[in-house]
Amino acid sequence: MQPSSQPTTTIPKGRGICLLLAFSVSLAGIVGIGLVPNGDARAQSNEQEERPRQATRRIPAMSEAVFNQLAEAQEMVELKDYGGAREHLLKLLDRRRLNGNERAQIHNLLAFVALEREDNNTGIVHLEKVLAEGDQITEGLEVNTLYTLAQLFFIEEKYDQSLEYMKRRMAKETNPSPQQLVFLGQIYYQKGDIPSAIIEIERAIKTAQAGNMEVKESWWAMLRYFHYEQKDIAKAVDILKILVRDFPKQDYWIQLCGMYSELEQESRVMACFEAAHLGGHLDRESLMRNYAGLLMNAGAPIRAAKYFREAMDAEIVTETEDNFTTLGQGYQFSQEHEEAIEAFEAAAKLADKGNIYENLTQLYYERDEFGKCVDAAESASEKGGVRREGSLLIVKGLCLYNLDELAKSRSVFVDARSASRRNRDQADARTAGQWIAYLDKEKARRDTLSDRQ
C-alpha cells in the first residue's frame, strides 16, 4: 500500500514540444513578436510602447526580402515539407547582410523544423543561436526560447542545463506561473534535490490558489510523493486527505490507509478502510481480504463476514478454499454456526488437507450433530495436515460417546493420548487419559447393572 510509483513528468515528448516555441508558425505569429517588413519604424515603435519591458531594446527591423523568404519557408512547413523548408532557410542564412533579429527568426524556424522531425539536438543548437543574438531579439522571444531550451534539455535528461536555462527564464519573470514553478520542481527532483522540489511545488500551489486558478491533481500527487520520499509521512497524509477529498480515487484511499498503518494509527486505518468501502473503492480481492482481517481483529467478525459474503456475491472475491475459510471464520467468531458450517463445507470440498474438516468437527460437536462430527473427523484424518491431531481425536471421541458408542469412543481416546504424547501436548494427553479412565468406570458400572438384571 506504499506509494512506490514516481511522479510523471508534465513535459511533452516528441513533436509536442514544438508548440512551446515562441512563434506560432504563421506570418501573423512572426509579425506579432515585433517583426515588420519594409523597416516600418513607426509600427515597431508602437509595439514597444505596448511592451514596456522591451522599451530599452532597439530591435532591428526585418527587411521585406527576408520577410518574404521566411513566409515561403513557413508555407513549406505548413505543407509538412520540412526538408524543403530547412534547405530554404539554410540558404537564407548565407545572406551577408542579415541583422541579429533576422538571423534569430531564421534559427527559430529552423528549430521548429528540427523538432517536428524529432531532432531535439539540432533544435537545441538553433535555439541557442537565437539567444546568441542578445539584445537584437525581443524579450518575448528570449524568455520563450529560454523556457523551450529548459524543456528540451529536460527531455534529453540533461538536468543541469535544464536548470540553468530555467533559472535564466525565471530571473526575467516577476510573477512566474504555477506551471513554470511545477516544471522547476520537476527539474530539482530529477537532480535529486527533493527539498527544493517541494519548495517549488508548494509555491506553484499557493500561486494558483492566490489567483483562483485550478490546482491540478498531478501537483498534489507529486508533492505527496516528494514528502514520502523524504520520510515525512505526516505531511504525505495531509496531502492525501486533500487528494481523497478532491480526487477520490482508489489509489489515494489505499495509500492513505497505508500511511496510517505506517504511523501505527490503527483506529484511523480502520476508519480509512471503512470510508473507502463506502465509496466503492475496495473492488479488489486483496483489499477486501485486508478489510475483513481488520474487522475481525477489531472485534467485528459479523461485519467482516457480511461484507466478505457481499464481495463474493459480487464476484470481487473468488470462491476459493482460503476465501471460504475466511468467511467461515467470520461467522464462527460471531457464533453464527449455521452460516459458518456452510462456508467451511464449501471450503472443505476445495481443500487438499484436512484442516477445514478439523474446524467442521468442532462446529458439528457444538451443534450436537454427532454423526456429522465423526464423519468430519474421519475426513480430516484421511486428508491429513490437521493442526492438532490429539484435539481432533478428543472431539471425535466425545461425539462417539454422545452416540453411546463407548468402545469406539475409548479406542479413539487411546489414539488421542498417543498422538498428544507424540506431539508433546501434555494438556490433551491428560484430557484423553481422563476420558479413558471415565469410560472404563462407565463400562464397569454398566456391566454391573447388566449382571443384576
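How close do the axes of helix α20 and helix α21 come, and at roughly what angle do they cross? In this predicted model, local features need a pLDDT of at least 70 and side-chain atom pairs count only at pLDDT 80 or more, while totals for chains, interfaces and linings use all residues. Residues are numbered from 1 along each chain as its sequence is written, and side-chain values use heavy atoms, with hydrogens and water left out.

Back to the opening pair. The axes of α20 (residues 370-383) and α21 (residues 389-402) come within 9 Å and cross at roughly 150 degrees. Here, axes are lines fitted to C-alpha atoms, for helices over the stretch in contact, and angles run from 0 to 180 degrees between N-to-C directions. Angles under 35 degrees count as roughly parallel, over 145 as roughly antiparallel, 65 to 115 as roughly perpendicular and the rest as oblique. So α20 and α21 are roughly antiparallel to each other. The crossing of α20 past α21 is left-handed, a label used if the near helix is turned anticlockwise from the far one by less than a right angle (right-handed if clockwise). On the α20 side, F370, C373, V374, A377, E378, A380 and S381 meet L392, V395, K396, C399, L400 and N402 of α21; contact means heavy atoms within 4.5 Å. Sorted by class, that contact has nine nonpolar, two polar and two charged residues. Ala, Val, Leu, Ile, Met, Phe, Trp, Tyr, Cys and Pro go down as nonpolar, Asp, Glu, Lys and Arg as charged, and the others, Gly among them, as polar.

Next come α3 and α4. Helix α3 (residues 64-78) packs against helix α4 (residues 82-93) at an angle of about 165 degrees, with the axes 7 Å apart. That is why α3 and α4 are roughly antiparallel to each other, and α3 passes α4 in a left-handed crossing. V66, Q69, L70, E72, A73, M76 and V77 of α3 meet Y82, G84, A85, H88, L89 and L92 of α4. This contact splits into nine nonpolar, three polar and one charged.

Now for the whole chain. It has 23 helices and zero strands, taken as DSSP runs (H or I, at least four residues, for helices; E, at least two, for strands) and numbered from the N terminus. Buried residues make up 48% of the 453 residues, where buried means under 20% relative accessible area, exposed over 50% and partly exposed in between (1.4 Å probe, protein chains only).

What about the aromatic rings? Rings of Phe, Tyr and Trp (its six-membered ring) pair if their centres lie within 6.5 Å; planes under 30 degrees apart are stacked, over 60 edge-to-face and the rest tilted. By this rule there are 14 aromatic pairs. Y365 and F370 make a tilted one, 6.2 Å centre to centre with 55 degrees between the planes. Y365 is partly exposed at 26% relative accessible area, whereas F370 is buried at 15%. F413 and W435 are stacked, at 5.3 Å centre to centre and 5 degrees between the planes. This pair links distant parts of the chain, with F413 in α22 (residues 406-422) and W435 in α23 (residues 426-452), 22 residues apart. F413 is buried, at 0% relative accessible area, but W435 is partly exposed at 23%. Elsewhere, Y147, F154, Y159 and F183 form one aromatic cluster.
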